[in-house]
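Subject: Handover of a structure and the findings

Dear colleague,

Please find the structure below, for your records.

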Amino acid sequence: QPIAQFIAGLPKAELHVHLEGTLEAELKFELAARNKLDLPYADVAAMRASYVYHDLPSFLTIFYEGSEVLLHEADFRDLVYAYLKKVASQNVLYAEMFFDPQQHTDRGVPFAVVIEGLTQGRLEAERDFGIRSKLIMCFVRERSAQNAMAVFEMALPYKHLIVGLGLDSDEKDNPPAKFAEIFRRGREEGFRLTMHCDVDQLNTHEHIRQAIEVIGVERIDHGANLLDRPELIAAAREKGVFFTVCPFANEMMRPGENQSIARRMLDLGLRLTLNSDDPAYMEGKYINENMLMAHELADFGPEDFIAVSRNAFDAAWIDEDLRDELH
Ligand code: HPA
Ligand code: ZN
């Protein structure tokens with residue numbers, strides 16, 4: 001298929017991918033064996049067959065359970081290395097990757113183990129495949145602001161290894177304003193800011209408003225509900241907010257509506273990027289396969305993919321020298 005070849009050849013940046021969501025079933029078995037843990041599945045096929053969900057909470061349950069095999073520095077190293085190796089083969093030149101430290105620290109894994117393992121994997125992948133990358137630390141929004149602040153403080157000694165802060169997990173009743181103080185401090189400490197405003201949630205319009213106007217994010221992850229509100233579209237345009245949209249995830253949250261999300265954003269002049277979210281739990285669809293979905297569902301063609309890819313390099317939290325080199 002010529003369009004698939006075009007997508008494969010396009011130099012890309014990925015800005016919305018959860019590292020824990022890149023943990024493929026094969027690696028999960030390998031880590032479980034290494035860490036002497038039993039998994040309740042006979043084989044990788046049975047494990048993959050268990051990835052059945054219909055909304056964000058049912059997805060998150062499966063996603064969090066999957067992370068429990070990650071215990072040691074080498075596990076986090078192997079996780080990020082495998083993802084970067086995979087997407088380097090898809091001509092991704094640069095990736096900004098989310099990680100959720102609370103998923104690990106709350107299980108007793110020290111913050112240092114997480115960040116040092118991830119950093120080692122990033123550097124080894126750059127050495128071996130030439131791919132550049134950075135980390136974005138996300139707070140798990142259904143946990144308390146105090147819990148988030150505690151992990152924020154754990155991260156401060158490592159802040160040179162983390163480019164930005166994000167907010168993910170269950171959005172319902174957990175508005176951006178709940179974390180206003182942490183994001184204010186984060187900005188002071190030099191972190192760049194983004195937040196999930198997912199497609200299937202109540203109150204998302206107010207959440208998008210808060211993310212843009214109260215928190216002052218540079219990006220919104222997902223964000224499709226903004227399309228319902230002209231005043232939010234205007235605010236996003238005025239502030240130059242970038243959107244990291246994930247076609248497969250949209251399809252899961254709002255079956256059948258996906259077609260219009262990416263297309264309408266692009267046509268409205270919003271700064272759209274296309275990404276994979278949680279590929280290991282989303283039928284193994286990495287960025288190329290998500291872009292192909294945008295072709296199939298929303299009639300994206302080469303010009304659109306070039307625009308999206310340019311947006312992603314513009315949105316990337318890198319210095320201008322690297323931007324010039326990658327663009
Ligand atoms: N939305 C919210 N939380 C998440 C996601 C997502 O797409 N992926 C992993 N955690
Ligand atoms: Zn996400």
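The shell around ligand 1 is made up of three nonpolar, four polar and four charged residues; here Ala, Val, Leu, Ile, Met, Phe, Trp, Tyr, Cys and Pro count as nonpolar, Asp, Glu, Lys and Arg as charged, and the others, Gly among them, as polar. Among the residues of this shell are His-18, Leu-56, Phe-63, Asp-168, His-196, Asp-277 and Asp-278. A residue is taken as near the ligand if its C-beta atom, placed from the backbone, lies within 6 Å of it.

This is a predicted model, in which local features need pLDDT of at least 70 and side-chain atom pairs count only at pLDDT 80 or more, while totals for chains, interfaces and linings use all residues. Residues are numbered from 1 along each chain as its sequence is written, and chains are lettered from A and ligands numbered from 1 in the order in which they are written.

Eight parallel strands form an open sheet in the order 1-2-3-4-5-6-7-8. Strands are DSSP runs of E with at least two residues and helices runs of H or I with at least four, numbered from the N terminus; two strands pair if DSSP finds at least two bridges between them. Strand 1 (12–14) and strand 8 are the edges, each with a single partner strand, so one side of each has no neighbour in the sheet.

Strand 7 (residues 242–245) pairs with strand 8 in the parallel sense over four bridges, and Phe-242 has Arg-271 of strand 8 as its bridge partner. With strand 6 (residues 219–222), strand 7 forms three parallel bridges; Asp-221 stands opposite Thr-244 of strand 7.

In a regular strand the side chains alternate between the two faces of the sheet. Strand 8 (residues 271–274) is covered on both faces, with Arg-271 and Thr-273 buried on one side and Leu-272 and Leu-274 on the other. Buried means that 20 or more other C-beta atoms, placed from the backbone, lie within 10 Å of the residue's own.

In helix 9 (residues 180–188), the buried residues are Ile-182, Phe-183 and Gly-186. These cover an arc of only 95° around the axis, which puts them on the same side of helix 9; the arc is that of the directions from the helix axis to the C-beta atoms. Their cover includes helix 8 (145–155), strand 4 (164–168), strand 5 (192–197) and helix 10 (204–215), where contact means C-beta atoms, placed from the backbone, within 7 Å. Just after helix 9, Gly-190 takes a positive phi of about 100°.

Yours sincerely

Notes. A residue is buried if 20 or more other C-beta atoms lie within 10 Å of its own, exposed if 12 or fewer, and partly exposed in between; C-beta atoms are placed from the backbone. Two residues are in contact if their C-beta atoms, placed from the backbone, lie within 7 Å.
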